[in-house]
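Me: Please take a close look at the salt bridges here, and explain the terms as you go.

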Amino acid sequence: MAETVTLTIDDRQITAPKEMVVIEAARRAGIEIPYYCYHPYLSIAGNCRMCLVEIEKAPKLQIACSIEVTEGMVVHTGSKNVLDARAGVMELLLINHPLDCPICDQAGECRLQEYSLAHGSGTSRFEHEKHHGRKNVDLGRHIVFDEERCIKCTRCVRFCDEVSKTGELALLNRGDETIIGVFPGHRLDNAYSGNTVDICPVGALTLKEFRFRSRVWFLEQTPSICPGCARGCNVTVWAREDRIYRFTPRENPEVNKVWMCDEGRLSYLPLVARERLLEPLMDGEPVRLQDAVDRAANLLGGVGERAPRVGVVASPRATLEDLALLRRLCEATSATDGIPRFERGEDDDLLIRKDKTPNLAGARLLGFERPAAEVLREAAEGKIDVLYVMDEDLFSPAADSDEGDLARRAARKVRALIVHASFRDRVPSQAAVVLPAAVYGEYEGTYINFEGRAQRVRASMRRAGRSRTHLAILSAVAQRAGWGEWAREPSDVWKEAQALAAPLSGIGYDDVGTDGVMITGKGESG
Amino acid sequence: MSEPILLANIGEPDSQTLEKYRSSGGYEGLRRAISDMSPADVVEEVKKSGLRGRGGAGFPTGVKWGFVPKDSSKPRYFICNADESEPGTFKDRLLMEQDPHAVLEGIIIGSYAIGAREAFLYIRGEFADSYRAMAAAIDEAKHASLLGMKILGSSYSLEIHLFRGAGAYICGEETGLMESIEGKRGHPRLKPPFPAAVGLFGCPTNINNVETVANVPLILRKGAPWYAEIGCERNTGPKLYCLSGHVKRPGVYEAPLGVRLHDLIYEHAGGMWRQGLKLKAVIPGGSSTPVLRADESDIDMDFDSVAKAGSLLGSAGVIVMDETACMVDSLLNILKFYAHESCGQCTPCREGCNWLVKIVRSIEDGKGKSADIDLVENVAGNIMGKTICPLGDAVAMPAQSFVRKFRHEFEEHVRLKGCPLKGAH
Amino acid sequence: MISEKTQKKIESIASKLPQRAAAMLSALRLIQDEIGHVPPEEREWLAGKLGVSPAAVEAVLSFYTLFRREPEGKYTIWVCSTLPCALRGCELLMDHLRHALGIREGETSPDRRITLKRAECLGGCDRAPVVQVGEDYHDVLLDLSLGTAKVSFERVEALLEKLT
Ligand SMILES: Cc1cc2nc3c(=O)[nH]c(=O)nc-3n(C[C@H](O)[C@H](O)[C@H](O)COP(=O)(O)O)c2cc1C
Ligand code: SF4
Ligand code: SF4
Ligand code: FES
């Protein structure tokens with residue numbers, strides 16, 4: 001335990017760790033000191049001056065974002081001096097601001113708007129021509145910049161210097177001509193550029209993919225996990241009417257702090273862009289779900305001589321619970337199994353993992369270790385009768401591994417191919433049965449990231465068409481095949497997973513919570 | 001007028017050469033410090049002299065040296081601040097151009113006192129002559145074993161890096177200057193931490209003004225008691241005063257601290273530049289210090305007396321204004337300077353300076369309302385004490401003092417819808 | 001690109017300092033002395049040389065008034081216009097230079113000989129109104145013999161004539 005000090009903020013005794021800044025100590029005690037430039041995961045700039053507070057014995061007001069707590073310190077955050085100073089800073093921040101909130105994309109998330117209501121004087125004494133700046137500057141692949149709205153807090157600059165370490169942004173010029181910019185001809189194109197939008201306290205930096213799509217207050221927020229790679233960055237999913245509008249990172253000091261990569265941030269886009277498979281198919285023709293499940297059960301079923309040789313290809317994008325039931329299916333059919341890899345690029349020093357799936361560690365825990373290629377090769381060689389594939393992207397022509405090729409050869413060779421598919425575009429024409437699977441955002445469950453942290457992915461929309469979760473599909477098949485009544489609620493399936501994977505024992509489904517929990521014993525629970 | 005001490009060499013032919021400097025006792029202070037005294041003794045001696053920093057704030061130099069930790073594992077640095085950019089100030093330039101060895105000797109002694117192995121001299125970018133003179137002095141000193149490895153045969157070695165600024169007043173602020181040396185924009189840093197703990201390159205650093213260091217050799221050569229006799233209580237030593245504006249002979253004049261301001265104006269600088277015109281106002285310490293009306297200006301020019309009179313000795317840049325000077329226009333000029341020189345990082349200064357310029361310009365142009373006069377004071381109040389560095393105060397103090405002391409002129413501008421003195425030059 | 005000699009000089013400065021980036025201002029000055037301004041190519045080169053991002057060079061270059069991002073005239077005349085010089089008639093001097101050169105503040109004469117700029121306090125208030133051309137200060141451009149500030153046309157002309 002770190003050394004602590006006791007101080008008084010607004011007549012309340014507070015204990016805080018030594019070296020903590022006053023603004024944090026206050027926040028922990030539920031006292032909000034307004035700020036713009038401060039950011040807990042960036043260096044202290046102290047330039048906005050919004051957080052000025054009165055500290056007894058100090059000759060003038062001090063900024064709460066940089067002053068560290070000391071024993072016996074007495075802080076006032078609401079004295080007349082403080083309120084006047086705050087109103088003064090607000091006024092100065094607004095004199096050159098366009099005040100275009102009605103057309104600003106940041107409306108609802110803008111600290112300037114929020115604070116000017118709370119701390120401003122309401123009227124402007126500034127009667128001169130405002131500074132004019134460039135609007136809609138195309139700063140990078142994903143980022144648009146509005147010079148006039150920028151308050152020069154330098155959060156974005158510090159992010160690029162300290163977090164992404166790419167250094168594209170800088171303050172240029174001087175005095176009231178100071179502006180954020182890039183080197184002539186360069187762009188803000190790093191793998192994490194979207195974070196600058198999140199941390200910009202005003203509407204100066206906006207994300208091309210989200211601008212003007214929706215007012216934030218129309219969107220529902222769900223805490224979830226990014227499915228983009230094995231890091232499993234914690235995110236908030238913003239959705240409305242069964243459509244995801246954006247991902248934003250959600251704080252988890254153990255996983256992603258408050259950041260996420262651009263690719264993950266935009267990983268919901270294909271969900272919107274690709275054409276969904278809304279109904280089951282048999283031999284390429286739409287059928288009733290019941291018929292498709294029956295057929296699948298029939299193909300898998302049979303005992304003794306008539307038992308088919310079954311091969312199962314699991315998916316590291318499915319949840320731990322999905323995979324637990326799939327494991328049971330493997331057991332029921334004495335199937336041979338494998339798991340594909342979806343890898344691209346390299347791991348970096350910040351968040352990005354080359355494993356582009358969120359749950360490979362979970363799959364491994366349930367015994368899905370063999371490379372999918374081995375199963376597919378057996379199938380292509382005629383050693384498998386029925387191939388059960390959980391993720392149609394296995395057949396993706398885009399996959400540059402030889403797995404895609406093998407998978408297509410296997411599809412042609414086997415007697416019957418059963419596929420869980422969410423989109424139409426990659427379903428092989430040979431499939432005997434295609435079961436429409438729910439996509440990310442439509443299901444709940446658990447992912448385990450590469451460090452062994454179990455994290456909860458949550459649904460934020462209703463399933464499209466007649467699609468079903470993997471759990472529902474698998475338990476329906478099991479029932480028709482006569483393997484018994486399988487659980488289909490994630491929390492119930494969790495117990496089955498526990499039975500299959502010893503490291504899960506002692507951890508309840510709800511223990512995973514919003515911050516996740518380490519299951520390999522290495523880390524602490526969140 | 002007393003005999004010059006600091007400027008004793010100046011005006012002599014070859015005053016900038018080592019030979020000339022040595023002939024009048026130059027580098028004797030260094031010899032004494034290095035061969036007879038420990039660094040702690042030197043600090044003590046300077047403390048006893050009562051020398052206060054000449055860079056503006058008047059902080060006791062020996063005390064400041066004492067703040068530099070002795071036991072740090074990091075290198076310690078000594079910086080000499082030669083950025084001299086406060087409007088109305090031009091004394092450091094004179095010292096560097098004409099008596100560079102005095103500056104150099106001071107830097108070497110100071111570095112020895114704080115245990116620095118490397119020193120930095122940051123010269124304002126426009127001062128080419130100063131740069132050349134200091135570079136030549138450094139060369140001479142190296143050859144004479146006064147600088148470099150094993151100074152005067154002792155175990156003490158020092159290297160001096162000459163730095164040139166590139167046009168930014170704010171680099172005179174000590175932490176802005178450090179950022180500038182580090183190759184960055186001259187953005188002043190948050191304090192704490194203070195430079196004595198975390199300064200240049202993150203190491204313990206001491207910084208002093210050129211004139212401050214030029215006093216040090218005298219103290220070491222002639223002793224603290226001798227030095228402390230000059231000037232007045234708590235304000236010891238000789239001082240350079242820069243007179244500019246409406247005086248007959250603008251220039252740098254030396255006098256003991258505590259000299260009468262009117263002596264400086266009427267005797268040293270020869271009085272008003274145009275016969276028959278009366279003194280209207282004086283800015284005593286560079287343009288950032290509060291202005292004094294003529295009737296409050298016959299004061300003693302030392303740190304404490306000027307403060308008591310409601311202004312500051314600052315850099316002792318005395319700007320004199322006669323009756324033809326328009327106080328609104330003069331304030332506008334000052335505000336434009338600070339707006340131009342604001343580094344732009346903190347809100348009150350970046351936004352406030354220019355707002356002040358806009359308000360005062362509209363008054364000067366005859367478009368002001370009487371509410372604007374109060375607004376000037378009020379906006380200045382929203383800057384004062386609320387910024388990262390004292391440049392915010394440097395703009396707020398003149399704004400508030402001009403309005404308070406010459407309110408009638410501002411009102412007249414509003415009433416007459418223009419400047420009654422326009423074109424009076 | 002700058003000469004090899006200048007490149008070497010920059011390297012030698014950088015290698016002697018506690019941190020390479022501390023050579024920034026010196027290097028920009030050397031580049032500008034050679035080329036007349038600091039073009040983008042040299043900025044990127046310098047960024048690599050000192051181990052900082054190109055944006056960091058840009059940030060510095062745009063902060064200091066003595067650095068030029070664009071070419072200027074062969075000579076830049078800086079007319080100090082801060083209070084001590086203003087009290088002694090710098091505006092008259094500025095007017096005169098504008099007329100004599102036929103350009104406005106910030107502009108360069110058509111023959112690209114002279115750029116006229118307004119400076120903040122040059123620290124030459126004893127010589128007010130002072131102008132700086134290149135490295136040198138020039139004073140007493142006003143004729144004070146009549147007891148009022150008056151531009152000495154001869155002195156200004158003499159100065160301009162030297163700038164060839
Ligand atoms: C805006 C600003 C500009 C300054 N400019 C200078 C300067 O040009 N020269 C200087 O010596 N000190 C200047 N100072 C003061 C320095 O920060 C520092 O206090 C001084 O160099 C300390 O030296 P001293 O202790 O010898 O006085 C300035 C301060 C501020 C706030
Ligand atoms: S763009 Fe946004 S984050 Fe960056 S400095 Fe401006 S206001 Fe701050
Ligand atoms: S007060 Fe002005 S000069 Fe000082 S840090 Fe703030 S913006 Fe920069
Ligand atoms: S939050 Fe403290 S100064 Fe900006």
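Reply: A salt bridge is a side-chain nitrogen of Lys or Arg within 4 Å of a carboxyl oxygen of Asp or Glu. The model is a predicted one, in which local features need pLDDT of at least 70 and side-chain atom pairs count only at pLDDT 80 or more, while totals for chains, interfaces and linings use all residues. Residues are numbered from 1 along each chain as its sequence is written, chains are lettered from A and ligands numbered from 1 in the order in which they are written, and side-chain values use heavy atoms, without hydrogens and water.

In chain B, B:Arg293 pairs with B:Asp295, and their closest N and O atoms are 3.0 Å apart. B:Asp295 is exposed, with a relative accessible area of 61%, and B:Arg293 is partly exposed at 28%; buried means under 20% relative accessible area, exposed over 50%, and partly exposed in between (1.4 Å probe, protein chains only).

Over all chains, the search finds 85 salt bridges. One of them joins A:Lys135 to A:Glu148, with 3.2 Å between the closest N and O atoms. A:Lys135 sits in the loop between α3 (111-119) and β6 (137-138) of chain A and A:Glu148 in the loop between β7 (143-145) and α4 (155-163), so the pair ties together parts 13 residues apart in sequence. Helices (H or I, at least four residues) and strands (E, at least two) are DSSP runs, numbered from the N terminus. A:Lys135 is partly exposed at 35%, whereas A:Glu148 is buried at 15%.
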